[in-house]
Amino acid sequence: MTDSAALLNKHSFVELGARQRAKALLDNGSFRELLDPFQRIMSPWLLRQGVVPQSDDGVVIAKGLLDGLPVVIAAIEGAFQGGSLGEVGGAKIAGALELAAEDNRKGIPTRAVLLLETGGVRLQEANLGLAAIAEIHSAIVDLRQYQPVIGVVAGSVGCFGGMSIAAGLCSYLLVTQEARLGLNGPQVIEQEAGIDEYDSRDRPFIWSLTGGEQRFATGLVDRYVADDVAQIREHVSQLLHLGVPAQHRSGQAEVFLQRLARLDTEVQIEPAAVRQLYQGERP
Amino acid sequence: MNSYSLRGLRWFEALSGNATPLEGLPASLKVADVTLGEQNVRLLAVVADPDSRFPRARNGEVGLLEGWGLAKAVDEAIDADRDAPHKRALIAIVDVPSQAYGRREEALGIHQALAGAADSYARARLAGHPVIGLLVGKAMSGAFLAHGYQANRLIALRDPGVMVHAMGKASAARVTLRSVEELEALAASVPPMAYDIDSFASLGLLWETLSVEQIEQPNAADLARVRDCLQQAINEVADAPRDLSSRLGATHRAASSTVRQLLRAQW
């Protein structure tokens, strides 16, 4: 294939909306959406604050097959309110994961794939978003006992706040170069800690610390994949076939505490220092 | 006057009595095993460590060491009680102003450290440890997700300084493009946005609220009330499901139940 033909064949995943992403990952004809937009299960809290709600609340739940394996996909729409999670969207994800775990207890091996484009809690629904995210965490840990839970952060919103903790609970994580994964958004860190600590307008700096490539190089994610539908699909399938890992990343407290004990905190940190500290056990 | 809260430390000291705190953990964690009636319990508190090697986590914030340290302390309890018929209860004493905001924190994956803590608390609950969150101060955002929010039952002391929220008022106003006054006006009519504990209770997320006389430095009567309430919570959890379903059902949280019912019907 010539370079231009290869380029024409490439289909961006990042440019797809949540529903198209879920469809693109599932086997042809197997996509079935639950609580679709026509059922109009919307946020009960946004309208009274002068914010226009969306008829799927920015979360798509779809069941189907991925390379023949039964999966439920929860895809967050980054274009609606920054992918923030309120009561309804949060309950859709938590509820879907709870039902997937229940499936497994009944002998149905449902896996889960989370497509994460989110700033975390939707502040207009603050405490109900936070509560839903705690329930998502609980449901991931429960389901993970039976089947892998795969997190995909493609970009361009990235994955922040309480949902970055959800990403940290996943069995496997896949990112692109466009992705960012971190607890706190850059503006909030700059606000809380000052511009010398974190310059939210310095994009190369932010990607160098929290971007997909760095997260892969430091072992905080499992796959680093080009922004291409076919390649992302292939890698998600591989991860699903790996099954439940012997040890989840979030279950390695001692390893991380030992690494942190070796860190020189007298100097400010650089991306290379994190790579040096965290590399080693990576196959 | 300290710039950080001492409530978590004081309640830990009151509840742990003369018990020796566990060693081998970050200085910002206070962990001790005690008995409450017949029940073995492990108390866990995040406290300020003004000398922390991580300067952005010196005022009681939940940072890298705190997240992974909590995970370790909870994992030890899970391992120790693996074959025990009665697993010790875990009591998270919650007084956490926020997660740590800093360059080192993001670079080294604070999200992963907090996931470590949430993971361990959730696994302990699923394994049959009663997990109780005792809110004596702030329970903010990511810090609360890592320390307390995976509990079977949440108990909050009734006090203006006890609050649960996703973001402080000033930052929340900025992010949602409002003034603090507008935010406060909205919070008065939108319960999930409010900062007070009664509005939070109306969401159905708390099991109990308790009044005490001296929240900053509990007296004997305060301690007795809280111990009694903790015992009741532990007893109730014994025969209850190990999930978080007891938090559903409040009218201010009706959509959370509706969504689950519809998902089940269409599953």
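Predicted model: local features only at pLDDT ≥ 70, side-chain atom pairs only at ≥ 80, totals over all residues.
Local features need pLDDT of at least 70 and side-chain atom pairs count only at pLDDT 80 or more, while totals for chains, interfaces and linings use all residues. Residues are numbered from 1 along each chain as its sequence is written, with chains lettered from A and ligands numbered from 1 in the order in which they are written.

Visitor: How many helices and strands does chain B have?
Guide: Both are DSSP runs, numbered from the N terminus: helices are H or I, at least four residues, and strands are E, at least two. For chain B the count is 10 helices and 7 strands.

Visitor: What is the radius of gyration of chain B?
Guide: The value is taken over C-alpha atoms, and the globule rule is 2.2 Å times the number of residues to the power 0.38. For 267 residues that rule gives 18 Å, and chain B is close to it, so it is as compact as a globular protein of that length. Its radius of gyration is 18 Å.

Visitor: How far apart are the end C-alpha atoms of α4(B)?
Guide: The expected span is 1.5 Å times one less than the number of residues. Helix α4 of chain B, residues 110-126, has 17 residues and should span 24 Å. The model agrees: the ends are 24 Å apart.

Visitor: Why is α4(B) described as largely enclosed by the rest of the structure?
Guide: Buried means 20 or more other C-beta atoms within 10 Å of a residue's own; exposed means 12 or fewer, partly exposed in between, with C-beta atoms placed from the backbone. α4(B) is largely enclosed because the buried residues number 16 of the 17.

Visitor: Which element gives the largest share of the side of chain B that touches chain A?
Guide: Contact means C-beta atoms, placed from the backbone, within 7 Å. By that test, 64 residues of chain B meet 68 residues of chain A. The largest share on the chain B side is 12 residues, from α4(B).

Visitor: At what angle do the axes of α5(A) and α4(B) cross?
Guide: Axes are lines fitted to C-alpha atoms, for helices over the stretch in contact, and angles run from 0 to 180 degrees between N-to-C directions. The axes of α5(A), residues 162-169, and α4(B) come within 8 Å and cross at roughly 70°. Under 35 degrees is roughly parallel, over 145 roughly antiparallel, 65 to 115 roughly perpendicular and the rest oblique. That makes α5(A) roughly perpendicular to α4(B), at roughly 70°.

Visitor: Which residues of α4(B) make the contact with α5(A)?
Guide: On the α5(A) side are A:Ser164, A:Ile165, A:Ala167, A:Gly168 and A:Leu169. From α4(B) come B:His111, B:Gln112, B:Leu114, B:Ala115, B:Ala118 and B:Asp119.

Terms used
Contact = placed C-beta atoms within 7 Å.
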